[in-house]
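Subject: The structure I promised you

Hi,

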Amino acid sequence: MSILTLNRLTLAGLAREKDAVLERLQTLGCLHLLPLGPAPAEPERTPPAHAVEAIKALRYLRDLPEKRRQVREDPAFDIDRTIQTVLDNQQRLRDVSDRRDALRQRLIELEPWGDFELPSPADLAGRKLWFYHVPQRQMTELAGLDLPWQVVHRDHRQSWVVVVHPDEPPRDALPVPRAHTGALSLTEVRRRLESAELEIEEVQAERHALTRWIYLLSSHLAQAEDEARMRFAQTQTLDDESLFLVQGWLAERDTEGVRALADEQGLAMILEPPSPEDAPPTLLENPAPIAAGQDLVGFYQMPAYRAWDPSRVLFFSFTAFFALILSDAGYALVLGLLLAAYWRRLGRGDLGRRLRILAAALTGASLGWGILVGSYFGLSPAPESFWGQLKLLDVNDFDSMMKISVGIGVLHLILANAEMAAINRKRASGRAALSWIATLIGGFALWLGSGDDAPVWLAQSGQALTLGGLAGVFLLGSDRRPDSLKAVALRGLDGLAQLVKVTQVFGDVLSYLRLFALGLASASLAITFNDLARQVAADLPGLGLFLALLILLVGHALNLVLSLMSGVVHGLRLNFIEFYNWALAGEGYPFKPFKKAELNE
């Protein structure tokens with residue numbers, strides 16, 4: 001559970017060895033490149049950092065529902081040529097479809113005028129014909145038109161009017177906008193439309209034939225990704241006629257590998273620790289069983305390089321929150337069966353292996369909590385049974401569940417402030433974090449001590465801790481030295497600004513009541529569906545049994561989906577909003593190594 005220490009690495013070598021050095025660095029896969037070259041005059045021409053064209057081509061082919069038999073081996077397969085052929089097909093389909101749509105629109109506008117050909121410009125003596133559909137009720141407005149015009153056809157609704165003039169009449173000259181008939185005859189438009197439809201069929205047939213290369217494109221995607229990353233890396237170096245420089249962030253643990261490369265290639269190597277003005281990327285490292293916590297961290301906000309790694313806290317707290325919201329051992333068993341069915345498939349990539357461990361933790365915690373609250377698809381076991389004796393809590397016991405939810409929130413925020421205090425030991429923010437810890441403990445103890453049967457010392461201790469914590473926030477929440485009257489006054493204002501957060505800490509703690517509320521809602525819905533099914537089965541003999549089973553199946557499936565959504569959304573929200581507000585200051589960006597792609601990812 002740590003953010004790895006990074007150093008700024010600079011390598012210098014001969015220009016003719018640049019490609020070989022970059023190839024070796026990509027194989028090592030441990031350098032986060034920094035741009036050294038001048039900013040490009042045309043940024044849009046900079047090579048992309050990923051195989052965008054290959055991914056686009058694959059997506060285009062995979063969108064077809066029916067695909068050709070896949071070619072598994074072809075020694076002459078050229079991935080670049082195949083990608084270009086697919087993208088050319090995509091562009092041609094787009095162009096022909098646009099032309100087809102324009103011809104269809106032109107056909108709709110031209111059909112009311114019939115099939116005719118425009119006279120030649122010489123026959124019109126420099127004049128042009130302008131076409132209008134004028135409703136019969138507006139024909140009287142043409143009486144004042146001082147341009148030559150003629151009605152060529154009419155029906156009971158409108159008249160077809162042609163105006164003769166070298167330039168298009170002003171928009172307000174006629175009561176309606178002109179019809180865009182174009183220079184082509186109706187026969188020619190139909191011919192061109194038919195030609196476009198046939199061309200689309202040809203392009204679609206070619207696209208369908210190209211789907212035979214999906215397998216080889218997918219298997220060579222890593223190669224395309226490596227080539228794209230290499231082209232991008234070549235734009236990040238500083239070059240002159242004889243030398244090149246490459247620079248990036250390097251983890252301390254990988255120094256020896258790069259040093260060996262520098263010795264082998266005869267490169268000049270400089271390692272520098274980050275200066276206070278630098279903002280290095282964040283490289284997280286955690287044990288494999290809880291590595292999914294890193295994915296949760298990166299999903300919302302990467303901590304800054306000089307902050308701390310919340311991956312472990314997020315892994316376990318999200319697991320606990322999810323279990324409290326699900327609150328049913330039966331639903332947890334269903335999730336366990338689904339996870340077992342997809343376990344091998346999830347293990348094909350590194351991300352899948354991390355997430356399946358997280359899913360197993362969520363399922364196991366949900367099963368344990370469901371047993372503790374004695375809920376199995378909304379049913380409770382008999383108290384004298386084995387499973388009934390394992391029931392230690394009642395989700396309908398509002399007082400106990402509220403205390404548990406608030407206690408979890410207090411503990412979560414204490415962890416956040418403790419880490420903030422450890423990171424900022426010598427600063428006011430660290431001292432303020434310790435004071436907030438005292439306030440949280442004191443406030444919780446004061447609330448617990450307000451009960452009728454609570455010991456007197458609990459409330460008194462809570463009151464003392466709360467007042468002491470708030471006093472600490474006010475007195476210690478500033479880095480200003482009290483060496484003048486002005487400094488003392490400003491220090492007091494800083495303390496007041498810190499005290500304003502007392503409403504935030506109160507609201508954040510109460511936000512954890514959603515754990516109890518959502519768990520209660522899930523349990524209540526399960527009980528409701530059970531009662532409804534029982535009533536239907538009793539009131540409608542025969543058919544009622546079928547309807548009851550249908551209600552149970554659909555109802556519990558719906559409740560499970562809602563509980564999953566609530567568990568994920570609110571379980572993450574309590575971490576990313578309430579916890580992050582007190583645990584992290586500032587935002588970082590992830591360490592992206594220049595490395596070779598892995599096919600299974």
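One definition before the rest: a residue is called buried when its relative accessible area is under 20%, exposed when over 50%, and partly exposed in between. Please also keep in mind that this is a predicted model.

Let's start with the aromatic rings. A pair of aromatic rings is described by the distance of the centres and the angle of the planes. Searching the whole structure turns up 18 aromatic pairs. One of them is made by Tyr300 and Phe576: with ring centres 4.7 Å apart and planes at 10°, this pair is stacked, because planes under 30 degrees apart count as such. Tyr300 belongs to helix H9 (residues 292–300) and Phe576 to helix H20 (residues 543–583), so the pair ties together parts that are 276 residues apart in sequence.

Is each of these two residues buried, partly exposed or exposed? Tyr300 has 40% relative accessibility and so counts as partly exposed, while Phe576, at 6%, counts as buried. Both are also members of one aromatic cluster, formed by Phe299, Tyr300, Trp308, Phe576, Phe579 and Tyr580.

Next, helix H5 (residues 186–210). Its 25 residues should span 36 Å at 1.5 Å a residue, and this agrees with the 36 Å between its end C-alpha atoms. The buried residues of H5 are Leu186, Val189, Leu193, Ala196, Ile200, Val203, Arg207, Ala209 and Leu210. What covers them includes helix H2 (52–62), helix H3 (79–110) and helix H6 (214–219).

Elsewhere, Arg72 lies over the face of Tyr215, at 4.3 Å from the ring centre.

The UniProt record (an unreviewed entry) lists a "coiled-coil region" at residues 186–213. In the model that stretch is 89% helix and 0% strand, with its end C-alpha atoms 42 Å apart.

As "transmembrane region", the unreviewed UniProt entry gives residues 313–343, 355–380, 400–420, 432–450, 456–476, 511–530 and 542–565. Residues 313–343 come out as 94% helix and 0% strand, and their end C-alpha atoms are 25 Å apart. For residues 456–476 the model has 100% helix and 0% strand, with 30 Å between the end C-alpha atoms.

Residues 456–476 are helix H16, whose 21 residues should span 30 Å at 1.5 Å a residue; the end C-alpha atoms are 30 Å apart, which agrees. Which residues of H16 are buried? They are Leu458, Gly462, Thr466, Gly469, Gly472 and Val473. Looking down the axis of H16, you will find these buried residues within an arc of 130°, so they line one face of the helix. Helix H15 (428–448) and helix H17 (485–499) are among what covers them. Val456, Trp457, Gln460, Ala464, Leu467 and Leu475 are exposed on the other side of H16.

Finally, find Arg344 in helix H11 (residues 329–346). With 75% relative accessibility, Arg344 counts as exposed. Arg344 and Pro310 are 34 residues apart in sequence, and their C-alpha atoms are 29 Å apart in space.

Happy browsing!

Methods. Residues are numbered from 1 along each chain as its sequence is written. This is a predicted model: local features need pLDDT of at least 70, side-chain atom pairs count only at pLDDT 80 or more; totals for chains, interfaces and linings use all residues. Side-chain values use heavy atoms; hydrogens and water are left out. Rings of Phe, Tyr and Trp (its six-membered ring) pair if their centres lie within 6.5 Å; planes under 30 degrees apart count as stacked, over 60 as edge-to-face and the rest as tilted. Helices (H or I, at least four residues) and strands (E, at least two) are DSSP runs, numbered from the N terminus. Buried means under 20% relative accessible area, exposed over 50%, partly exposed in between (1.4 Å probe, protein chains only). A charge sits over a ring if NZ of Lys or CZ of Arg is within 6 Å of the ring centre and within 35 degrees of the ring normal. The expected span of a helix is 1.5 Å times one less than its number of residues. The arc is that of the directions from the helix axis to the C-beta atoms. Contact means heavy atoms within 4.5 Å. UniProt positions are given in the numbering used here, feature names are shortened, and annotations may be inferred rather than shown by experiment.
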